[in-house]
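Reader: I would like to learn how to read a structure like this one, feature by feature. Please give the general idea each time and then the case at hand.

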Amino acid sequence: MHELSVVESMVGIVLKHAERNRARAVKKINLVLGEVSTVMEEPVRFYFEIISKGTIAEGAELFFKRTPLIGECGSCGERFKIVDYDLTCPKCNSDDCSIISGREFRVESIEID
Ligand SMILES: [Zn+2]
């Protein structure tokens, strides 16, 4: 379960940010979770409850924003939604494309009290 270490670093980021802003409590954590990220929502919620216990992030609401798998063409710059892992540019047919979104898991913002 690699979500454990993922959630540990996530809570670390949240607490650092909250302390810097002299928060009394973290109300909500907005997360970005890519469509094909290896991180799963349920284990994140599970570990978050355990790891945040006794911190000011305890009881915070987790909001997951799902991002689609997006590729970018290295030849023409076209950005497109990747379907069935087909990394071919729909505009110019080049296969010089890279994934620019859809695999991420990160903290986007937090709401504090
Ligand atoms: Zn292209």
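Reader: Which exposed residues does the face of α2 turned away from its buried side carry?

Author: That face carries Glu42, Phe46, Glu49 and Ile50. Buried means under 20% relative accessible area, exposed over 50%, and partly exposed in between, with a 1.4 Å probe and protein chains only. Helices (H or I, at least four residues) and strands (E, at least two) are DSSP runs, numbered from the N terminus. This is a predicted model, in which local features need pLDDT of at least 70, side-chain atom pairs count only at pLDDT 80 or more, and totals for chains, interfaces and linings use all residues. Residues are numbered from 1 along each chain as its sequence is written, and side-chain values use heavy atoms, with hydrogens and water left out.

Reader: Which residues of α2 are buried, and why do they count as one side?

Author: An α-helix has 3.6 residues a turn, so residues three or four places apart point the same way. In helix α2, residues 41-51, the buried residues are Pro43, Val44, Tyr47 and Phe48. They lie on the same side of α2 because their arc around the axis is only 135°, the arc being that of the directions from the helix axis to the C-beta atoms.

Reader: What covers the buried residues of α2?

Author: The cover includes α1 (3-20), β1 (26-34), β2 (61-67) and β6 (105-112); contact means heavy atoms within 4.5 Å. α2 lies across β1, β2 and β6 and runs at about 155° to β2. α1 also lies across β1, β2 and β6, running at about 35° to β6. For these angles, axes are lines fitted to C-alpha atoms, for helices over the stretch in contact, and the values run from 0 to 180 degrees between N-to-C directions.

Reader: In what order do the strands β1, β2 and β6 form their sheet?

Author: The 3 strands form an open sheet in the order β2-β1-β6, with mixed pairing. β2 and β6 are at the edges with a single partner strand each, so one side of each has no neighbour in the sheet. Neighbouring strands are turned by 20° against each other on average, direction ignored. Two strands pair if DSSP finds at least two bridges between them.

Reader: How many bridges join β1 to β2, and how many join β1 to β6?

Author: β1 and β2 run parallel and are joined by 7 bridges. β1 and β6 run antiparallel, and 7 bridges join them. Val32 shows both pairings: its bridge partner in β2 is Lys65, and its bridge partner in β6 is Arg106. Since 7 of the 9 residues of β1 are buried, this strand is largely enclosed by the rest of the structure.

Reader: What does Thr67 touch, and is Thr67 buried or exposed?

Author: In a regular strand the side chains alternate between the two faces of the sheet. Thr67 lies in strand β2, where Gly34 stands opposite Thr67. Thr67 is buried, with a relative accessible area of 13%. Leaving out residues up to four places away in sequence, Thr67 touches Val32, Leu33, Gly34, Glu35, Ser101, Gly102 and Glu104.

Reader: In what order do β3, β4 and β5 form a sheet?

Author: These 3 strands form an open sheet in the order β4-β3-β5, and the pairing is antiparallel. β4 and β5 are the edge strands, each pairing on one side only. The twist averages 35° from one strand to the next. β3 and β4 pair over 3 bridges, and the bridge partner of Gly71 in β4 is Phe80.

Reader: Which residues are the protein donors of the zinc ion, and why is the arrangement tetrahedral?

Author: Donors are N, O and S atoms within 2.8 Å of the metal (3.2 Å for Na, K and Ca); water is not among the atoms, so sites may look incomplete. The protein donors here are the SG atoms of Cys73, Cys76, Cys89 and Cys92, at 2.3 to 2.4 Å from the zinc ion. The 4 donor atoms subtend angles of 106 to 114°, which makes the arrangement tetrahedral; four donors count as tetrahedral if all angles lie between 85 and 135 degrees. Along the chain, the donors follow the spacing C-x2-C-x12-C-x2-C. Cys76, in the loop between β3 (70-73) and β4 (79-81), and Cys89, in the loop between β4 and β5 (97-101), are 13 residues apart and link distant parts of the chain.

Reader: Are Cys76 and Cys89 buried or exposed?

Author: Cys76 is partly exposed, with a relative accessible area of 36%, whereas Cys89 is buried at 1%. Not counting residues up to four places away in sequence, Cys89 touches Cys73, Cys76, Glu78, Phe80, Ser94 and Cys97.

Definitions and conventions:
Tetrahedral: all angles 85-135°; square planar, octahedral: opposite > 155°, others 65-115°.
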